[in-house]
Amino acid sequence: MIWTRRNHADGILQLVAIALLSYLPTNALAAPRDTNEIRVALTSDIRSSLPGVNRVSFTDDVLIHVVEPLVAHRDDLTVAPLAAEHVEVSDDLTQYRFTLREGLRFHNGDLATAADVVYVWERILDPDTGFQCLPFFDGTTGAAVESVLAEDERTVLISLDAPSAVFLEQLAYVQCPIAVLHRDSWDADGNWVQPIGTGPYRFVEWKTGRYVLLQRFADYVPSDGPASGLVGHKVAHVEYLRFLVIPDVMATVAALVSGQIDVVPLLAPVNALELRRNRRVVAMDHEGLSRRTMLIQTDDPLLSDRRIRLAMAHALDLEQFADVASLGLARHNPSTIPRSDAMHTDVHDESWPYDPDLAKHLLADAGYDGEEIVLMTSRSEQALFDLAMIAEAMWAKVGLNVRVQVLDFGTLLTRYFAGEFQVVSFEFSPRLTAIMNMHTLIGDKQVSPPRWDDPRAHALLQQASATPDTAIRQARLDDIHRLMLAETPTINVYNAPIIDAVSIKLDGYRPWAGANPRLWNVRKGE
Amino acid sequence: MSTYFLKRLLMIVPTLLLVTVTVFVVMRLVPGDPVAMMLGDIDNPELVRQMREELRLDEPIPVQYVDWFRRVITLDFGESIVTGEPVFDTMLSRLGVTAQVVFISVALAAILAIVFGTLAAWRQNRASDLAITMLAVGSMSVPAFWVGIALIIVFGIKLQWLPTVGYVSPLDDLSESLQFMVLPVTALVVAETGALLRMVRSTTLDVLRMDYITAARARGLGERTVLFRHALPNTLIPTVTLVGFALGSLLGGAAVIETVFTLPGLGRLLVESVYARDYVMVQGVMIFVAAIYVIVNLLVDMLYPLLDPRVRLRA
Amino acid sequence: MNGAATILQVEDVSVSFGANAPRVLDGVSLQLAAGKVLAIVGESGSGKTLLARSIIGLLPPGAMVRSGRIELLGQDLTGLPGAAMRKLRGDQVSMIFQEPQVSLNPVVRIGRQLTEAAIERRVLTPDAARRRALDLLERVKIPDPADVMKRYPHELSGGMCQRVMIAAALMLEPALLIADEPTTALDCAVQRDVLEVMLEAARREDTAVLLISHDLGLVAGHADDVLVLKAGSLVEKRAARDILASPAADYTRELLEAATVARPASPRDVGSNPVCTVDGVTIDYPVRRDWPWQEQRFHRAVDNVSLDIRRGETVAVVGESGSGKTTLGMAILGLVAPTGGTIMVDGEPVSTDPRRTRRFTQLVFQNPYAALSPRKTVRESVAEPLLVDRSADAVSVAARTRAMLDDVGLPAALDDRRPHELSGGQRQRVSIARALITQPGLVIADEPVSALDVTIQAQILGLFARLQASHGFACLFVTHDLGVVEAVADRVVVLKQGRVVESGDTQAVFANPRHAYTRELLTAMPVLQPDTGSGFHIVNRHFGGVSP
């Protein structure tokens with residue numbers, strides 16, 4: 001009972017006041033101003049530190065600094081060796097021989113050997129591991145890996161049971177890299193501990209819900225060649241990288257502006273525009289890979305009519321649509337293949353012309369009589385919601401009776417996977433190759449109900465995947481695009497622009513199509 | 001007296017049981033699948049099937065419940081579907097953060113409310129009362145997150161005095177930890193003080209009208225003694241109840257402030273787990289939060305006999 | 001007056017709520033010498049409490065002294081700054097309040113409440129203060145004072161609390177003690193004791209006492225002087241003896257008459273058949289159990305009580321709070337089921353089925369304000385019981401209602417008023433009209449006048465007697481007030497802790513009480529009786545003998 005003696009109450013109040021005053025202005029914010037540490041904001045936690053299993057894009061953001069797969073993407077999304085020094089591909093596209101980089105060393109000091117690579121392959125491809133990209137390698141989609149052999153200390157031979165033109169691209173897939181990991185990354189019982197990789201930064205600690213801390217790996221030997229994408233000459237200039245989990249956008253922006261964090265990857269255009277006036281921060285943008293699209297369920301009784309789908313496409317002024325939805329930061333891209341990809345030729349710029357009269361005509365022709373069409377969307381990504389709202393308005397103009405249904409993202413995803421939708425505004429996360437992008441469009445409805453299930457498209461994609469000849473592959477991909485324009489199983493709008501907001505204290509930071517923030521070759525000043 | 005509390009303690013059991021059943025069933029009735037959330041737009045039906053099986057999501061809900069419940073009574077809350085971390089450990093560490101902020105905030109809010117509420121009642125209808133009451137109404141009408149954002153803009157961005165994101169444990173670095181606490185605590189204090197203060201003021205007004213206050217004055221006691229020795233102990237009785245409610249609900253429900261200030265607390269954990277459909281975590285946190293609420297209020301009730309001798313006799 | 005130093009001199013004091021409001025106390029003067037007792041008597045609203053509070057400087061918020069002087073020991077108190085006034089309180093003037101249990105802080109121990117003022121003002125050391133407190137507690141006849149010092153107010157009875165209050169008021173040896181209705185809220189058995197203890201203690205300290213009361217009969221015997229107030233104005237101020245012997249003002253006489261016991265003029269026409277027979281009735285209340293498996297225990301509220309009520313007769317049930325008298329009334333109404341024994345009303349056993357019993361038996365409540373619906377007009381409230389059975393047509397309902405209201409003396413002008421627009425007496429008249437409109441054979445009256453001023457009490461009791469004569473109903477009159485019993489009851493039943501300790505004809509019981517408890521009750525109540533002339537005198541009852 002503090003109230004029985006007045007002096008006690010006064011004393012406690014004084015204590016509190018002293019505590020507040022003495023801590024307020026003195027050394028506030030000292031730590032974040034440290035030039036030894038770059039701080040990156042993540043919207044949510046990384047879920048796990050095991051590559052390719054229990055992951056989100058934030059997991060990849062952290063892990064590209066820690067682990068290196070045999071091959072990875074360059075800035076232009078072509079594939080180049082990373083952990084490997086060079087790759088030798090047999091003419092029949094079934095044998096891949098990788099020579100590990102000279103001086104490739106694990107964070108615990110051990111030299112990385114071919115045997116380590118074999119160990120990791122066995123571990124990752126074990127079905128119990130739950131590797132997300134297992135279908136790439138077990139024969140589900142294309143060729144299966146027959147064997148992984150260590151030919152000598154530095155040489156690994158991977159054999160496939162059938163030719164594959166996309167094997168290296170699949171290997172480079174940033175979402176599920178088969179990285180070169182030390183076997184001590186697992187404990188004696190085979191449980192994952194944390195990655196002991198070969199990248200320029202080593203994994204220090206992960207406080208769930210709070211942050212992941214990485215430290216410069218002093219013994220890292222960079223490979224030769226210019227830094228590009230995830231490969232090339234990578235140097236860790238700054239001692240620590242701290243990835244902070246900050247779910248709230250407002251809090252993120254405030255932290256960036258006040259200098260508590262240095263990099264906010266993938267900012268929404270709205271927030272980026274707000275930052276234009278701030279002198280302490282620069283917003284850098286780059287053409288992105290995420291495909292924002294209006295996905296149409298071709299199995300729907302009403303929408304199985306090609307004319308209605310076509311009418312929906314012609315009713316949208318897609319150039320303007322993309323411009324408005326991206327706040328002027330992106331151009332309309334009708335193709336499933338992003339512009340940054342070399343496979344995106346002029347053919348892929350062909351789109352559905354804006355023609356409301358044609359749309360009306362097509363609808364009349366199809367006997368459309370104001371039947372309600374539900375457009376599913378979610379507020380989790382503002383741009384997708386905007387897309388739905390704009391589309392609804394444009395479609396109403398040609399007489400399409402579209403109702404927007406806003407769902408929580410979890411619910412939307414479940415419906416999406418079940419194919420239970422008519423139209424959905426959706427975003428496909430980045431796929432780094434043209435073929436992989438096409439796989440997000442074309443598929444067997446029995447297996448993946450949201451996909452476009454057309455035998456002609458299947459055949460074209462099959463041919464494009466199998467051929468080693470780039471010209472033939474290009475031709476097939478062009479054909480797929482034309483067929484898609486004619487069938488309209490989806491209306492691609494634009495690729496989400498990549499906008500990274502970065503403190504001006506950072507020097508050398510560049511956004512890229514691959515989107516994951518790269519913090520090597522970056523210096524931090526005062 | 002002990003029977004009374006033993007009874008209250010036993011009443012917790014059916015309450016929590018009801019919470020578990022409700023949460024368990026509702027979580028599974030809400031569309032959305034933790035596996036889908038985990039895999040995003042990657043197509044891998046085989047993996048989906050395998051994961052669902054692993055998480056035993058395909059079994060009938062009652063079977064899942066009994067299975068889960070059997071482990072919960074041994075305090076084994078299972079592992080997070082998302083991160084695989086033990087739910088109980090995660091909750092405890094998150095509670096630590098929340099408790100730190102909430103206890104400091106509610107304590108400060110209670111002190112402010114008692115001091116200024118008593119003062120306002122004592123100076124009823126004078127300028128000081130009017131000013132205090134207006135501030136209290138202001139505090140009641142602004143939501144905590146708004147205060148939080150305002151504080152971030154002023155002290156984080158403009159003045160750059162204090163950090164606005166993150167958390168440092170006081171066990172690691174007390175001074176740094178306090179820096180991180182200042183803004184969220186201030187936001188909560190601003191938002192919580194109003195209601196408490198109004199309550200203290202009106203209770204004090206009632207108490208000051210009681211005969212024993214007049215009698216105390218008639219005995220020639222000074223105003224300070226009248227106010228603090230005679231009015232305050234009586235005002236504290238209902239105030240403590242309200243403080244208990246605030247404490248209980250904030251310990252599980254400070255999610256907004258935790259999000260605004262990026263504090264890894266229990267409320268944020270719950271919200272994020274709901275979005276991620278992390279069933280196991282949501283179930284654990286809900287029962288945990290419910291237990292905290294009930295226990296905090298029980299503890300508050302146990303304070304009554306200290307404050308009010310009449311309760312001692314009755315119970 | 002008689003040589004002693006003048007302690008208090010009040011000259012022409014007026015009080016109002018707000019500067020322009022009418023004066024609720026208008027030009028009152030008085031004088032009080034050391035060791036003397038001045039009684040201020042008046043009904044509610046007479047301004048007696050405001051007068052007391054203006055002296056000690058504790059007027060309720062909004063009230064202010066408009067004019068006049070209040071001199072305490074030669075110092076003018078009007079316009080004295082708060083701090084200076086505070087110094088006088090307790091030290092020179094202190095006060096005792098009506099409700100002892102709410103005048104003591106429930107969360108502070110008795111000992112501290114007694115000693116804190118002396119210690120805070122450094123008049124006494126803590127040890128000395130404690131000794132003084134123990135001494136005073138002894139003087140106000142509190143057994144085991146050291147133990148009481150450690151207790152909280154709720155652990156003491158009302159009478160004990162008031163004794164503590166008296167001790168607390170006398171702690172600093174004030175020159176003036178103001179006692180505002182000090183015994184009104186106490187059980188009647190202890191009222192006189194407490195009053196005497198207070199005056200005795202004051203006399204020993206030579207403290208002047210300002211005794212405020214509504215009950216002229218009670219205080220006149222103890223005061224040196226009496227001042228009668230009515231509606232804020234002085235009616236009469238005389239020596240106590242004189243005011244009884246020859247009241248000058250009509251109002252004083254009215255007050256005295258109201259306090260006088262008026263026996264029923266003649267024996268009533270009482271039927272021989274009882275309308276209600278209570279035979280060996282026992283009523284147990286279950287005591288709350290802590291656990292469902294615990295044995296159920298009971299509290300015996302009424303223990304083997306038998307009585308009967310004949311047509312046209314009034315039987316009073318007397319007892320203090322907790323004696324079971326109200327429970328018994330509830331049982332006759334069929335609202336509580338007896339555990340044992342039988343209750344016959346109108347020849348049939350009482351059932352808890354309300355329809356029949358309650359048409360024959362009606363209830364008049366203690367607090368008419370709470371018993372009447374605030375939203376209903378007088379007419380609606382009274383007509384309500386008629387509307388319950390649908391046989392009556394609107395015209396006859398209106399006629400019967402009006403006739404009933406005439407009977408209880410409520411003019412038609414009040415028909416459309418609602419309870420808050422009526423005075424307490426009027427409300428009780430409405431309540432009585434509502435009970436009688438169905439022509440009940442039996443009326444249970446539960447403390448029907450205890451919330452009313454004495455003059456109003458007399459009116460209502462008169463009304464009750466008249467109505468009983470004309471309507472012929474039997475009445476069970478539940479009360480704690482022996483004066484009322486003597487005025488209305490043919491027979492009396494004295495209850496103590498649920499048991500009948502004595503019963504019989506009122507006059508016989510009052511003249512020769514056999515049980516010690518009845519005797520205690522009667523002794524505690526001084527009786528005011530009219531002289532043969534125009535005056536009054538007080539009779540203190542004394543009974544010899546020992547109860548069986």
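**View 1. The two domains of chain B have centres 32 Å apart, taken over C-alpha atoms.** In this predicted model, local features need pLDDT of at least 70 and side-chain atom pairs pLDDT 80 or more, while totals for chains, interfaces and linings use all residues. Residues are numbered from 1 along each chain as its sequence is written, chains are lettered from A in the order written, and side-chain values use heavy atoms, without hydrogens and water. An automatic or database assignment gives domain 1 (2-72) and domain 2 (92-307) of chain B.

**View 2. Here domain 1 of chain B touches domain 2 of chain B.** Look for 22 residues of domain 1 in contact with 17 of domain 2 (heavy atoms within 4.5 Å). Together the two domains bury about 1800 Å², 77% of it on carbon and sulfur atoms; that's accessible area (1.4 Å probe) lost on being put together, summed over both parts. B:Phe5, B:Arg8 and B:Met27 supply 31% of the area that domain 1 buries here, more than any other three residues.

**View 3. Now chain C meets chain B.** This time 34 residues of chain C are in contact with 27 of chain B, and the pair buries about 2600 Å², 59% of it on carbon and sulfur atoms.

**View 4. Zoom in on the one salt bridge between chain C and chain B.** The side chains of B:Arg219 and C:Glu116 form it, at 3.1 Å from N to O.

Key: A salt bridge is a side-chain nitrogen of Lys or Arg within 4 Å of a carboxyl oxygen of Asp or Glu.
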